[in-house]
Each structure stands twice: as C-alpha cells, then as structure tokens.
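User: Please walk me through the salt bridges and the nonpolar surface of this model. Keep it brisk.

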Amino acid sequence: MADYSAATNKTVIDRYRDLDTKGKCQVMYIWIDGTGENVRAKTKTMDFVPEKPDDCPVWNFDGSSTGQAEGSNSDMFLKPCRLFADPFRKGDNKLLMCEVYKYDWRAAETNFRKSCAEVMKRAEATRPWFGIEQEYTLLGSDGHPFGWPKGGYPGPQGPYYCGVGANKVYGRDIVEAHYRSCLYAGIKIAGTNAEVMPAQWEYQVGPCEGIEMGDHLWVSRFILHRVCEDFGVIATLDPKPMEGDWNGAGAHCNFSTLAMREDGGINHMRAAIEKLSKRHDEHIRAYDPKNGLDNARRLTGKHETSSIDDFSSGVANRGASIRIPRQCGIDGKGYMEDRRPSSNCDPYRVTEALMRTTVLDDWES
C-alpha cells in the first residue's frame, strides 16, 4: 500500500477552532455500518445544546453507501441513543451514538443494540457490570505495524508488554491523546497499557452497567480512529494482524452480577460458568463479526488464548475460555473474565449473549 497523499498540516486548523459559531452546536451522529465492525459519522448543526439524546432529532443517511440498503430504497434512520462531549471540536459540541433502522423502522442487520437494550432491561435487577479490555494495533499508512523496521520484524516478544523506552513501545503519544480524549468525552475509560506485540496497545472501558457498556466502547473506538486520523496512522482491530509467533488481539469481557460481587459470589460464578460451557458454540458465533471465522485465526490455544474448539475455565489461567482472577478466587467473590471475544467484536452482542446464557436462560428466544 502506498503512503496516503492526503496528509495535511494538522496545526493549521488551530486558527479556526476559536471562531464564534454564533450560538450553534455541532452534533456528530455516529453509527455502525453494514460490516458490523466499522463506524460512520456525519454532523448536524443545532440551534441549541442538547442535554439528552431525545433532544436530538432522528436523522437519516444513504444506506447504499454503507452496505446497509439498496440504491433504489436507500434512506436509513438514525435514532439518537447516547450523548458524549466532543473532544475534537470541544465547547458545547457533542458526539451522539445512534441506532440504525430501515425505512419501515425494522432494526438494521447490524443494529444489535436494540435487542441488547431489551435484554438488559429484563435483567436489570441483577445489576450486570461489564468491563472490556480493547486491544488494537497501530499501523503506518503503508499497512505495516507502526515502528517496525520497514520490510522486517522487531525482536521477539518479551520486552514490549507494559514496556518503557523508544526501543520497546511505539506510538505512546497517540495512546495518550486517545486516553485524554476519552476522559474529556465522558467515556468510562479505566486505563491503558502497551501489549505483548510491539505496536499493539490496550485500553479498558468500565465498569459499565447494562447497555452502557456497548455505547461507551463503540464511541471510544470512534475516538481512537479519529485521533489516529490526526496522527496519520491507522488503528486496526484485526484479531490477528500479524501471522506467526505474535500475539493476536482480543476484547476480553469482564462480567459480574450483584450476586457475584457479594459474599459467596464464587458459587454464582461457578454456576454461570457451567451454563457457559453448554453454549460455547453460540458464544463463539456471537464474539466476532464473521461468526467465529475471525476468532479462528486468534483462538489457537497459543499466545495466551484458549482453543476455539474447546471450552475451559480456571483461576488465573490466561489460556482458558473463562478466567477467574486470582484475587476473586481468594476473596470468594468478584467477577469473571470471558477471554473469547475478538478485538473487533460487537460489545452489544457479547454482553447480550452473556446475559442470555448466565441470567435469563433464554438463548433461543
């Protein structure tokens, strides 16, 4: 891939940021496109500052250009769902996460938020908390991992995880910009670290309750891609961006109910794990946009993963499907970690599947 020819001097826009917008507010509508893993966005000018999603009007877009409709009937609806502060335009401007609906108000094929919200409403008495560890890899404009020797490879894995130093981590300024942007936006970002493969990073979002998890993670991904746009690099969520002896990328999902967090919660975790063991295949299909094909490249039983073909669990076992953290095992309560979701998973599908299996017992409904 050739370097992009559309690079601009990013400091030039600074002279325009403080222009008086005459009381107008810019709202960036964000939605998931037909791939189920990419986001799209466009901006609406509003005469007032919205305080809640319902203050924003339903809008539309050309679904034939996003893989979501035919050209002969292309209009799709954007239903406002959650507002965040805009870290790029700042001021009173907003980011708005939306659901996508067809012309007759049926949910689009990649609108998994609708069913997830319904499931979370039914299960809200159990107070489900989620935290997702989002791994991603930085690429140069040529598609090669950022900081890697051109046409070659860095030294083997070992010194890069949580590393410090120019010979161990690449792109920390990008990571810091994303972190601060998420905090400004109101994303529940909990932390970040360099990952095992060089140019690979992770950030954590949560704890979030119910449908909040998917909203916060999707908007954090939008912010990541938008920050990388400013730096002239690419963030890929491919679960196995480099073949060979390199770690893949996941989106491990930490999960608990109120009963799991209280004394004796370990028994509730074990009961949930037993239920999960009987629904392994269904979860694998729900945990990446290609119904398990992406995860098949990552879940090999190597590089800190379980095998995609087998269900397993254990305390402090990073090679298991479900890990109970060591401290939770000691305390006899807390949370468990589902290590199967791929880095490009839809968090609405992941969290809905967990609730259907462990709490509602109604996967077929």
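Questions and answers on salt bridges and a surface patch follow.

Analyst: This is a predicted model, where local features need pLDDT of at least 70, side-chain atom pairs count only at pLDDT 80 or more, and totals for chains, interfaces and linings use all residues. Residues are numbered from 1 along each chain as its sequence is written, and side-chain values use heavy atoms, with hydrogens and water left out.

User: How many salt bridges does the count come to?

Analyst: A salt bridge is a side-chain nitrogen of Lys or Arg within 4 Å of a carboxyl oxygen of Asp or Glu. By this rule, the count is 30.

User: How many residues apart in sequence are the parts that K290 and E37 tie together?

Analyst: The side chains of K290 and E37 form a salt bridge, 3.1 Å from N to O. K290 sits in the loop between α7 (280-286) and α8 (293-298), and E37 in the loop between β1 and β2 (39-46), so the pair ties together parts of the chain. Helices (H or I, at least four residues) and strands (E, at least two) are DSSP runs, numbered from the N terminus. The separation in sequence is 253 residues.

User: Is D263 buried or exposed?

Analyst: D263 forms a salt bridge with K333, with the closest N and O atoms 2.9 Å apart. The pair links distant parts of the chain, 70 residues apart: K333 lies in the loop between α9 (326-331) and β13 (336-338), D263 in the loop between α5 (258-261) and α6 (265-277). Buried means under 20% relative accessible area, exposed over 50%, and partly exposed in between (1.4 Å probe, protein chains only). At 68% relative accessibility, D263 is therefore exposed.

User: In which helix do E118 and K114 both lie?

Analyst: E118 and K114 form a salt bridge, with the closest N and O atoms 2.8 Å apart. The two are four residues apart, about one turn of the helix. That helix, residues 113-122, is α2.

User: What is the area of the nonpolar surface patch that includes L19?

Analyst: Nonpolar patches join side chains (Val, Leu, Ile, Met, Phe, Trp, Tyr) within 5 Å, from residues with over 30% relative accessible area and no salt bridge. Accessible areas come from the Shrake-Rupley method with a 1.4 Å probe; for residues, only the protein chains shown count as cover. L19 is exposed, with a relative accessible area of 53%. With V12, I13 and Y16, L19 makes a patch of about 370 Å².

Terms used
Patch = residues over 30% accessible without salt bridge, like charges linked within 9 Å, V, L, I, M, F, W, Y side chains within 5 Å.
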